[in-house]
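Reader: I would like to go through this model step by step, beginning with the chain as a whole and ending with local backbone features. Could you show it first?

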Amino acid sequence: MAVGTAHAQAHPNIALIKYWGNRDERLRLPANSSLSFNLSGLQTTTQVTWIEDKSGDSLILNGREARTDELSRVIRHLDMLRSHLGIRGYAHVESGNNFPTGTGIASSASAFAALTAAATSAAGLHLDERTLTTLARLGSGSAARSIPAGFVEWHASDAHEDSYAESIAPADHWTLIDVIAIVSTSHKAVGSTAGHASAATSDLQNARVAGAERRLTQCRSAVLTRDFAALAEVVEEDSNLMHAVMMTSRPPLFYWLPATLAIMAAVRRWRTEGLQVCYTLDAGPNIHCICGPEAAAEVRNRLQSISGVVDIRSAPPGGGVTIERLA
Ligand code: PMV
């Protein structure tokens, strides 16, 4: 017997101050606080139906039956929701992205934000935003940041309830554009879950985490005052630090391709020429060029002529998760 269906939509987000490494792997309690904005126009749409007399959870992903590894990650999250919220029965989940997965556009963030919102609403629960962010975090840390709207800070804490995300400014506060230069569309070799687990093996992780609060304070203030020059310096520093940790972990993780490095150098040069642009990279080779409102069109043009760029996407700050209970 079906007991409820709901539908949710969430955007991925790009971190300006990165999350890398957990203080608690199972609860995904992060080593440091982070700050991001949601990416409008890119989205995951997910529908969940809870069925009491079903024999197990099922998942359709982008119109096809999910692979075993994809299904098991979703089951693990549904198990967390069942045990935290006392939900009974099994879920049928249908989910789709309007952007390529596993290529440095964080599909797990929008996926677990939408799944958490749809699953809890389909179970008849009306949870407040803060609680929803803590539950989304259990599926994928950065998913906590895809629940609130606009520019979002996710707090590090030792307690499940206190590691939540909240909006620090709405999407229309500052029309930054994330111009994403895609240099590879193949699925990344080492995903972020394994990456987080290896972060502490780098001698540099403690130093990165020790400075994270200072960088977060600088970044928050640059966002709130719309100070692009200050934002650019701290965003690049923070991304470089995360990749330094990745490259010095055991085993080391190298996500950059030659085109990645060429674009990072070009972006720094364009900024000295007066263009409002800086770069940040997640666990993949694609480059997120964060642009001031007037610079995005020019940055897009210049990226088109760089060899190795196979696609370009642009996204301004977006809203939070939306939920619709259907039955
Ligand atoms: O939420 P996860 O486990 O996919 O981790 C995301 C990690 C980075 O994208 C590299 C950084 C971040 O803060 O989004």
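Reader: What percentage of the 327 residues in the chain is buried?

Author: This is a predicted model, in which local features need pLDDT of at least 70 and side-chain atom pairs count only at pLDDT 80 or more, while totals for chains, interfaces and linings use all residues. Residues are numbered from 1 along each chain as its sequence is written, and side-chain values use heavy atoms, with hydrogens and water left out. Buried means under 20% relative accessible area, exposed over 50% and partly exposed in between, with a 1.4 Å probe and protein chains only. By that definition, the buried share of the 327 residues is 56%.

Reader: How many helices and strands does the chain have, and what is its radius of gyration?

Author: Helices (H or I, at least four residues) and strands (E, at least two) are DSSP runs numbered from the N terminus, and on this basis the chain has nine helices and 16 strands. The globule rule, 2.2 Å times the number of residues to the power 0.38, is set against a radius of gyration taken over C-alpha atoms. For 327 residues the rule gives 20 Å, and the chain comes close to this, so it is as compact as a globular protein of that length, with a radius of gyration of 19 Å.

Reader: Among contacts between residues at least 6 apart in sequence, what percentage joins residues at least 24 apart, and where does Ala171 lie?

Author: For the chain, the share of those contacts that joins residues at least 24 apart is 76%. Ala171 is in contact with Gly150, Phe151, Pro317, Gly318 and Gly319, leaving aside neighbours within four places in sequence. The C-alpha atoms of Ala171 and Gly319 are separated by 6.0 Å, although the two residues are 148 apart along the chain. The place of Ala171 is the loop between strand S11 (165-169) and strand S12 (177-182).

Reader: Is helix H3 mostly covered or mostly open, and what covers its buried residues?

Author: Helix H3, residues 129-139, is mostly covered, with eight of its eleven residues buried. Among the buried residues are Leu132, Leu135, Arg137 and Gly139. The elements that cover the buried residues of H3 include strand S4 (29-30), helix H1 (68-85), helix H2 (107-122), strand S10 (151-154), S11 and strand S16 (322-325).

Reader: Which residues does a cis peptide bond join?

Author: Most residues other than glycine have a negative phi, and most peptide bonds are trans. Pro251, in the loop between helix H7 (228-247) and helix H8 (258-272), takes part in a cis bond with omega of about 0 degrees. The residues joined are Arg250 and Pro251.

Reader: What are the phi values of Asn62 and Arg226?

Author: Asn62 lies in the loop between strand S7 (58-61) and strand S8 (64-65), and at 41% relative accessibility it counts as partly exposed. Arg226 lies in the loop between helix H6 (212-224) and H7, and at 46% relative accessibility it counts as partly exposed. Neither residue is a glycine, and phi is positive in each case: near 50 degrees for Asn62 and about 55 degrees for Arg226.

Conventions: Contact means heavy atoms within 4.5 Å.
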